[in-house]
Amino acid sequence: MFRLGYEMWTEKYRPRSLDDIVNQGEIVSRLKSFVKAKNVPHCIFAGPPGTGKTTAALCLAHDLYGEGYREYVMELNASDERGINVVRETVKTFARTRSIGEVSFKILILDEADNMTSDAQQALRRTMERYTETARFILIANYSGKIIEPIQSRCAPFRFTYLDREDVTKRIRYICEMEGIQILDEGVEAVLEIGGGDLRRTINILQTAASVGKPIDAETVYSVVGRANPYDVRDMMLTALNGDFVEARKKLREMILKYGLAGSDIIGQIHSEIYRLNVPDRWKVKLADIVGEIDYRLIQGSNEEIQLSALLAKLVEAGYDIKRGA
Amino acid sequence: MSEIIGNEEAKRKLREWVETWSKKAPKKKKALFIYGPPGTGKTVSVEALTNDLNMELVQSNASDYRTAEAVERFAGRASQYGTLFGKKRLILFDEIDGISGTEDRGGLHTITEIIKRTTSPIVLTANNAYDQRFTTLREHCELLEFKKPSRTEIEKHLKKICRLEGIEAEDSALRLIAERASGDVRSAVNDLQALAQGKKRLTYNDVSFLASRDRKEAIFNVLRDIFYARDSLTTKRAIEMADVDPEMLLEWVYENIPYHIKNPQELSSAMDMIALADIYRNRIRTTQNWSLMRYFLDFMTAGVAASWSKKAPGWVPFKFPTRISQMSTSKVDRAMLTAIGMKIKKRCHISSTRAIKEVLPYIRIMFQNNKEMKKGISEWLDLDEEMVDYIIGGGTS
């Protein structure tokens with residue numbers, strides 16, 4: 001039946017079981033072994049947004065507890081529930097009651113764990129220790145470097161990476177088929193470009209483009225999404241190369257604050273743009289090296305805007321060098 | 001005297017000393033040396049006391065200490081001769097810290113002589129009685145210390161003034177003024193007057209700039225030292241002296257670098273320093289190892305300072321780090337957005353904060369484009385009519 005959008009497609013097409021997850025092969029097989037053993041350690045799921053961390057956690061719970069899994073799972077977000085006391089009280093209450101059934105513990109999914117203050121994280125660590133019999137924690141974060149070491153050492157680490165382009169493309173086409181939507185190849189390309197590696201964003205863009213009601217082409221995609229297109233990154237880099245640091249930084253700030261782009265998104269795009277820049281090879285290499293360094297720093301948990309600004313400053317320097325004929 | 005706050009004990013002693021003063025008492029000292037920080041009520045206590053006791057007060061000016069002749073002129077006669085109306089007299093040498101070096105030493109010596117032969121009580125005031133210059137002088141004086149009144153005492157005093165002046169003031173406003181005064185009653189009262197003048201009501205908002213003004217000034221000074229100091233040691237010292245929040249300072253420096261450092265290579269170096277400072281900031285945060293603070297501070301101050309040649313492009317004002325100011329959404333907007341965010345959160349396994357930033361913009365466009373989607377999704381999310389209108393109306397996040 002041709003029914004558009006009675007739900008958000010991100011939820012409608014979210015995998016329910018570990019078997020449904022197409023990507024993150026190694027992670028999925030490890031999680032499956034947990035299910036088999038009916039035992040789950042504390043975990044940290046780390047990686048860029050939209051790469052399936054929450055989905056993996058929910059699927060794990062589903063496979064572990066069956067259809068009624070919601071009773072045994074609690075989801076918390078660090079940004080909504082800030083502060084030590086909230087963590088303590090909520091988790092305490094949840095973790096205190098034993099679960100009835102084969103699996104003796106419950107699962108607590110704590111999203112945006114890297115946003116928690118260190119104090120809150122300390123409190124969390126103690127709570128994790130105290131209730132480890134009855135509750136297992138799955139911490140979800142973009143940057144595992146922002147999680148304090150005592151917690152990291154108590155958790156099994158899982159690194160989520162950006163999804164394969166082909167897998168995302170397949171997914172886009174699959175959803176369109178199910179929803180009875182027509183999409184052109186260029187439309188798929190456009191959705192992929194803007195979505196970056198973030199599957200949630202990709203599907204949201206797809207659904208938004210579909211809301212227009214006609215076959216999806218590139219123009220439709222770009223028009224609905226407005227100015228959130230990849231050429232902003234290139235534009236920002238060119239502005240820096242031309243010597244206007246302040247303006248370039250302004251664009252960077254806008255991307256992060258207004259459009260909610262993650263540092264990892266921006267770095268990824270910068271990396272691909274470097275090779276297309278009109279600069280001598282010597283500088284391309286230098287810049288690529290710096291990009292790598294800054295990417296690492298971001299993973300470690302440094303501030304996105306500040307680190308990326310340092311990169312912009314290097315671009316300014318490059319532009320200056322080139323103009324002088326060096 | 002009762003109107004002067006704090007130092008109850010000291011005031012009592014002062015009064016007692018003056019009342020029992022007699023030119024004939026051999027054992028007692030003829031002069032009283034009151035000392036303490038500025039604005040603690042030293043001078044005004046003496047003035048009030050003489051008023052209460054109906055005494056004649058002969059009060060000096062700073063210029064009266066210049067030379068021996070000046071002192072003699074001012075106090076010599078006053079200390080010897082009786083008053084016109086038969087009142088008792090008190091001589092006050094106020095703020096004698098003002099006496100400087102060699103020229104005035106004559107003055108100090110003369111004061112000492114005058115004290116020896118005076119027929120009226122003499123009071124001196126200074127910030128620091130134990131200054132070297134006053135060693136001889138002290139031997140002839142009784143010492144009395146006035147301490148800084150506590151913040152609470154100042155607050156009470158301000159409250160009283162407000163009551164008398166018919167001003168309704170918020171407790172928190174008075175507290176901030178009292179805090180900022182750091183024990184200096186005079187300055188607190190001056191601030192109160194300046195801020196409350198002509199007002200019927202004084203709120204915290206009216207005075208809140210006091211808090212930021214101070215901090216802003218402290219930050220400006222450090223920024224000046226970072227961007228324009230002669231050497232990096234000066235810069236390092238600057239931040240140690242300043243009462244400035246290091247994280248805040250980082251934001252200020254980061255924001256202002258490109259406006260002061262124009263040369264691209266120097267800009268690049270300076271930004272590298274800030275980036276390093278940021279790395280340490282994060283390391284401190286995750287390891288809780290506060291000894292790393294020194295590196296954080298070093299990079300952000302001396303590091304940046306050393307990065308450039310300080311060819312100042314004329315006077316450039318310091319800009320406020322806009323990055324840290326929240327996007328200005330009104331209370332109503334925020335409440336609505338949060339409510340909508342919570343609805344999305346329930347269904348989409350995402351925090352309400354992220355929901356507003358990352359999902360809502362798409363929902364808005366969907367709603368604007370497609371009636372069916374709008375109906376379906378609002379039901380699914382359990383949005384009420386007001387929320388839907390808000391979303392479509394484009395209340396921006």
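User: What makes residues of chain B count as in contact with chain A, and how many are there?
Analyst: Two residues are in contact if their C-beta atoms, placed from the backbone, lie within 7 Å. By that criterion, 37 residues of chain B are in contact with 49 residues of chain A. The model is predicted: local features need pLDDT of at least 70 and side-chain atom pairs count only at pLDDT 80 or more, while totals for chains, interfaces and linings use all residues. Residues are numbered from 1 along each chain as its sequence is written, and chains are lettered from A in the order in which they are written.

User: Which helix of chain B gives the most to the side that touches chain A?
Analyst: Helix 12 of chain B does, with 14 residues. Helices here are DSSP runs of H or I with at least four residues, and strands are runs of E with at least two, numbered from the N terminus. Helix 11 (246-260), helix 12 (264-287), helix 14 (331-348), helix 15 (352-369) and helix 16 (371-381) of chain B each supply at least two residues of that side.

User: How do you know that the span of helix 12 of chain B agrees with its number of residues?
Analyst: The expected span is 1.5 Å times one less than the number of residues. For the 24 residues of helix 12 of chain B this should come to 34 Å, and its end C-alpha atoms are 34 Å apart, so the two agree. Gln288(B), which follows this helix, has a positive phi, near 60 degrees.

User: Why is Arg253(A) called partly exposed?
Analyst: A residue is buried if 20 or more other C-beta atoms lie within 10 Å of its own, exposed if 12 or fewer, and partly exposed in between. Arg253(A) has 15 C-beta neighbours inside 10 Å and therefore counts as partly exposed. Arg253(A) lies in helix 12 (residues 245-258) of chain A. Leaving aside neighbours within four places in sequence, Arg253(A) is in contact with Glu305(A) and Arg323(B).

User: Why is Thr136(B) called exposed?
Analyst: Thr136(B) has 11 C-beta neighbours inside 10 Å, so it counts as exposed. Thr136(B) belongs to helix 5 (residues 135-139) of chain B. The C-alpha atoms of Thr136(B) and Thr112(B), 24 residues apart along the chain, are separated by 7.9 Å.

User: What makes a set of residues a nonpolar core, and how many residues has the largest?
Analyst: A nonpolar core is a set of buried Ala, Val, Leu, Ile, Met, Phe, Trp, Tyr and Cys residues joined through C-beta atoms within 7 Å. The largest has 96 residues, and those with the most contacts inside it include Phe45(A), Leu139(A) and Val253(B). Helix 15 (residues 304-323) of chain A gives the most to this core, with nine residues. Apart from this core lies another, of 39 residues, among them Ala210(A) and Ile365(B).

User: What share of each chain is buried?
Analyst: Of the 326 residues of chain A, 46% count as buried. In chain B, buried residues make up 37% of the 397 residues.

User: How do you know where the predictor's confidence in chain A is lowest among its elements?
Analyst: Confidence is given by pLDDT, from 0 to 100 for each residue. Among the elements of chain A, helix 4 (residues 84-96) has the lowest mean pLDDT (75) and strand 1 (residues 43-46) the highest (96). Over residues 227-231 of chain A the pLDDT is below 50. Chain A averages a pLDDT of 87, and 93% of the residues score at least 70.
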